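Colleague: Please take me through the model shown below, one part of the fold at a time.

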Amino acid sequence: EKISTRFMTLVQQQCRVRHDVSFYADALFVSKGHLGKAVRNAIGMSAKHYIEMAIISEAYTLLADDNLTITQIGEHLNFRNPQSFSHFFKKHTKLTPTQYRLNLKF
């Protein structure tokens, strides 16, 4: 459980810039497989899914700020381009970032 706790803390600190499980496994000095098993046993989801949910959570927070453009948010979350951020966001939320932002106003 220590590994999963350290993993979750590290994800909260790094998910804006690091999206890959390998980074977290290396940072915790364990294999990807070991990290995956520890996380799944502790919280019932894969390490990758946990990272993705942390990124979505950050995106929700950033999208609430009307002063930031979708492009700026994508850059802030370390996506290669606005399209990759929009695709990632829609895959996980079924809404585009713009649709989500519009829904916040109602």
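Modeller: Two terms come first: a residue is buried under 20% relative accessible area, exposed over 50% and partly exposed in between, with a 1.4 Å probe and protein chains only. Helices (H or I, at least four residues) and strands (E, at least two) are DSSP runs, numbered from the N terminus. The model is predicted, so local features need pLDDT of at least 70 and side-chain atom pairs count only at pLDDT 80 or more, while totals for chains, interfaces and linings use all residues. Residues are numbered from 1 along each chain as its sequence is written, and side-chain values use heavy atoms, with hydrogens and water left out.

Colleague: How many helices and strands does the secondary structure of the protein come to?

Modeller: Read from the N terminus, the elements run α-α-α-α-α-α-α. The count is accordingly 7 helices and 0 strands.

Colleague: What percentage of the residues of the protein count as buried?

Modeller: The C-alpha trace spans about 40 × 25 × 20 Å along its principal axes. Among the 106 residues of the protein, the buried share is 37%.

Colleague: What share of the contacts with a separation of 6 or more comes from residues 24 or more positions apart?

Modeller: A contact here means heavy atoms within 4.5 Å. Among contacts with a separation of 6 or more, the share from residues 24 or more positions apart is 59%.

Colleague: Which residues does Leu 35 contact, leaving aside neighbours within four places in sequence?

Modeller: Leu 35 is one of the residues with the most contacts inside the core. Its partners beyond four places in sequence are Ile 3, Phe 7, Val 21, Tyr 24, Ala 25, Leu 28 and Val 30.

Colleague: At what angle do H1 and H3 pack?

Modeller: Axes are lines fitted to C-alpha atoms, for helices over the stretch in contact, and angles run from 0 to 180 degrees between N-to-C directions. Ile 3, Ser 4, Phe 7 and Met 8 of H1 meet His 34, Leu 35, Ala 38, Val 39, Ala 42 and Ile 43 of H3. The axes of H1 and H3 are 8 Å apart, and the packing angle is about 95°.

Colleague: How are H4 and H6 oriented to each other?

Modeller: The axes of H4 and H6 come within 11 Å and cross at roughly 110°. Angles under 35 degrees count as roughly parallel, over 145 as roughly antiparallel, 65 to 115 as roughly perpendicular and the rest as oblique. The orientation of H4 and H6 is therefore roughly perpendicular.

Colleague: Which residues of H6 make the contact with H4?

Modeller: On the H4 side the contact is made by Glu 52, Met 53, Ile 55, Ile 56, Ala 59, Tyr 60 and Leu 63. On the H6 side the residues are Phe 85, Phe 88, Phe 89, His 92 and Thr 93.

Colleague: Is Glu 58 buried or exposed?

Modeller: Glu 58 lies in helix H4, and it touches Cys 15, Arg 16 and Leu 77, not counting residues up to four places away in sequence. With a relative accessible area of 15%, Glu 58 is buried.

Colleague: Which helices are included in what covers the buried residues of H7?

Modeller: The buried residues of H7 (97-104) are Pro 97, Tyr 100 and Arg 101. They cover an arc of only 100° around the axis, which puts them on the same side of H7; the arc is that of the directions from the helix axis to the C-beta atoms. Their cover includes H4 (47-63), H5 (70-76) and H6 (82-93).

Colleague: Is Phe 29 buried or exposed?

Modeller: Most residues other than glycine have a negative phi. Phi of Phe 29, however, is near 60°, a positive value, and Phe 29 sits in the loop between H2 and H3. At a relative accessible area of 76%, Phe 29 is exposed.

Colleague: Where does Lys 94 lie?

Modeller: Lys 94 has a phi near 70°, also a positive value in a residue other than glycine. Lys 94 counts as exposed at 66% relative accessibility. Its place is the loop between H6 and H7.

Key
A nonpolar core is a set of buried Ala, Val, Leu, Ile, Met, Phe, Trp, Tyr and Cys residues joined through side-chain atoms within 4.5 Å.
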